[in-house]
Amino acid sequence: MSPRAASRLESLGFERVYDYVAGKADWAAFGLAIEGRWHSGTRVGAHAHTRVPGCGPSDRLQEVRERVRASGWDTCFVTDERGVVLGRLGRAALARDDDVPVAEAMMLGPSTVRPSFRLDQAVKRMRSQNLSTLPVTRSDGVLVGIIRREDAERALASL
Amino acid sequence: MPVPVDRNEVRTLLEQEGAQLVEVLPQAEYEDEHLPGAINIPLKTLDAESARRLERERPVIVYCHDYQ
């Protein structure tokens, strides 16, 4: 649709016309602000905890386990040097008493949602799948943070 | 020819050149969500009259939902 609009504007004499072909889906999925009925405050990105434990795939599990425990979280995201999510250490992995590289203990390809995912849909998913948290990643795979079910429910009730 | 731009180029055009953002989807979709500062001129109503809302001296960026 936007290419036709851009061409029409040119035919009307506008000389500097640009077409953002990826559109608002791309904009919102990257975690950028949006306005309207479903503004940014109604999306998970605005309610995600951004200071969550992280580690690299070659880190040692023992060191990571201690750091995660000290932080008060029970999960840790494994990312590459760009912050792209590679895996997740859940409760079971963090409960192991051996000291292997994180890559050997992590769960690969954890399910994530975009910052633009609607809060009401996130709550619905967490309830139906009995999830306490959902990881949030941008469209380029970079970790944004974690949305907690209790926080999402509270935020949804206040909208 | 209209120039295709990506997200970063959109941000640069907005910040450095005062570009105007135009969502060309129907009004209901615009009211649901739109980029900050965007105005709505649905494609079906985009003609010389509605285009008067735009300043010709400034760049214009049009967008819809995605590649469709």
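Helix 1 of chain A, residues 2-11, lies across strand 1 (17-20) of chain A together with strand 4 (60-63) of chain B. Its direction runs at about 175° to that of strand 1 of chain A. Keep in mind that this is a predicted model. Helix 1 of chain B (residues 7-17) packs on the sheet too, touching strand 1 of chain A along with strand 1 and strand 4 of chain B. The direction of this chain B helix makes about 105° with that of strand 1 of chain B.

So much for the helices; now for the sheet. It's an open sheet of 5 strands with parallel pairing, in the order 1(B)-1(A)-4(B)-2(B)-3(B). The edges are strand 1 (3-5) and strand 3 (39-40) of chain B, each of which pairs on one side only. If you look at strand 2 (residues 20-23) of chain B, you'll find 2 bridges joining it to strand 3 of chain B, with the two running parallel. There, B:Glu23 stands opposite B:Asn40 of strand 3.

Next, the nonpolar side of things. Nonpolar side chains tend to be buried together in soluble globular proteins. The largest nonpolar core here has 30 residues, and B:Val22, B:Val24, B:Val60, B:Ile61 and B:Val62 touch the most other members. Elements giving two or more residues to this core are helix 1, strand 1 and helix 2 (23-29) of chain A, plus helix 1, strand 2 and strand 4 of chain B. Strand 4 of chain B gives the most, with 4 residues. Zoom in on B:Val24: leaving out residues up to four places away in sequence, its contacts include A:Met1, A:Ser2 and A:Ala5 from chain A, and B:Ile41, B:Leu46 and B:Val62 from chain B. Another core, of 25 residues, lies apart from the largest one, with A:Val64, A:Val78, A:Met106 and A:Ile146 among its members.

Elsewhere in chain A there's a hairpin to look at. Strand 6 (residues 133-137) and strand 7 (residues 143-148) of chain A run antiparallel and are joined by 5 bridges. A:Thr133 stands opposite A:Arg148 of strand 7. Between the two strands of this hairpin sit 5 residues, and A:Gly141 in the turn has a positive phi of about 90°.

Finally, helix 7 (residues 149-158) of chain A holds A:Ala157. Is A:Ala157 buried or exposed? A:Ala157 counts as exposed because it has 8 C-beta neighbours inside 10 Å, and the cut-off for exposed is 12 or fewer. A:Asp120 is 37 residues from A:Ala157 in sequence, yet their C-alpha atoms are 9.5 Å apart in space.

Notes. Residues numbered from 1 in each chain as written. Chains lettered and ligands numbered in written order. Predicted model: local features only at pLDDT ≥ 70, side-chain atom pairs only at ≥ 80, totals over all residues. Pairing = 2+ DSSP bridges. Contact = placed C-beta atoms within 7 Å. Axes fitted to C-alpha atoms, helices over the stretch in contact; angles between N-to-C directions. Buried ≥ 20, exposed ≤ 12 C-beta atoms within 10 Å, placed from the backbone. Core = buried A, V, L, I, M, F, W, Y, C linked by C-beta atoms within 7 Å.
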